[in-house]
Amino acid sequence: MKRWIMVIALMLCICSYEAQAQRALKGMRALELRAGMVDGIYSHNTHDAGFSFGIAMSRYANNANKWVFGAEYLRRNYPYEATHIPMAQFTAEGSYYYKFLSDASKTFYCYVGGSAVAGYETVNWGDSILYDGARLQNRDRALYGGAATLQLEAYMCERVVLSIYARERVLWGTTTGHFHTQYGLGLSFIID
């Protein structure tokens, strides 16, 4: 009888601990969708701000750090008289994100990351003559550089992660400015 009481007591002790989720384990992969603002708040009334959209695949490494590979579309408008001149960048990036802070329940993570960025930039969709006959000196060209990112993640459920990010892109080869500040939201889906 004492043996059964010991087994039941042991089972109650084991079952009383709350199981923690298996999150951000080495080898897990996630698909992330991003949307954000560029160089200010975009609206139809402000002609000098922009927006960006992106998709990325991340793979977790040791200690919840992660490798991220993705593609992004960035558009910014430059004011010109009563209208604006669009600039678009199509870029690919490879990044490493270092987790520097998380809570004990593995629900919230803070990352700092560095990226290598390469892509193509087009100004006014390749049309160098404006509607009033003026000629643009900016040309379409390849660009390269990097980005620094600060990202906060929160698990909404076991396979869905909401993130808020701020990043600074530094690109060379461009004729429209080397620095672009981005901030926005991302939604990640853990796929395995």
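**Surface patch, cavity and loop of the predicted model**

At 32% relative accessibility, Leu-187 counts as partly exposed, because this class lies between buried (under 20% relative accessible area) and exposed (over 50%), with a 1.4 Å probe and protein chains only. The structure is a predicted model, in which local features need pLDDT of at least 70 and side-chain atom pairs count only at pLDDT 80 or more, whereas totals for chains, interfaces and linings use all residues. Residues are numbered from 1 along each chain as its sequence is written, and side-chain values use heavy atoms, with hydrogens and water left out.

Leu-187 lies in strand β8, a strand being a DSSP run of E of at least two residues, numbered from the N terminus. Leu-187 also belongs to a nonpolar surface patch of about 920 Å², whose other members include Leu-33, Ile-55, Met-57, Phe-189 and Ile-191. Such a patch is made of residues with over 30% relative accessible area and no salt bridge, nonpolar side chains (Val, Leu, Ile, Met, Phe, Trp, Tyr) being joined within 5 Å; a salt bridge is a side-chain nitrogen of Lys or Arg within 4 Å of a carboxyl oxygen of Asp or Glu. Two or more residues of the patch come from each of β2 (50–60), β6 (141–157), β7 (160–172) and β8 (179–190), and the largest share, 3 residues, is given by β8.

The structure also holds 1 cavity of 30 Å³ or more, a cavity being a set of points on a 1 Å grid over the protein atoms alone where a 1.4 Å probe fits but cannot get out. About 40 Å³ of space lies in the largest cavity, which is lined (an atom within 4 Å of a point) by Glu-32, Arg-34, Tyr-97, Thr-149, Gln-151, Tyr-165 and Arg-167. At least two lining residues are supplied by each of β1 (29–38), β6 and β7, and by class the lining has 2 nonpolar, 2 polar and 3 charged residues.

In the loop between β2 and β3 (66–80) lies Ala-64, and Asn-63 has its place in the loop between β2 and β3 as well. Most residues other than glycine have a negative phi. Asn-63, however, has a positive phi of about 60°, and phi of Ala-64 is near 70°, again a positive value. Asn-63 counts as exposed because its relative accessibility is 62%, whereas Ala-64, at 7%, counts as buried. The C-alpha atom of Ala-64 is separated by 9.5 Å from that of Phe-100, which is 36 residues apart from Ala-64 along the chain.

Note on methods. Patch = residues over 30% accessible without salt bridge, like charges linked within 9 Å, V, L, I, M, F, W, Y side chains within 5 Å. Areas by Shrake-Rupley, 256 points an atom, 1.4 Å probe, with all protein chains shown as cover. Helix = DSSP H or I, 4+ residues; strand = E, 2+ residues; numbered from the N terminus. 1 Å grid on protein atoms, 1.4 Å probe; cavity = no way out; pocket = protein on both sides within 12 Å on 5 of 7 lines; lining within 4 Å. Points joined across faces, edges and corners; volume = space filled by probe spheres on them. Nonpolar A, V, L, I, M, F, W, Y, C, P; charged D, E, K, R; others polar.
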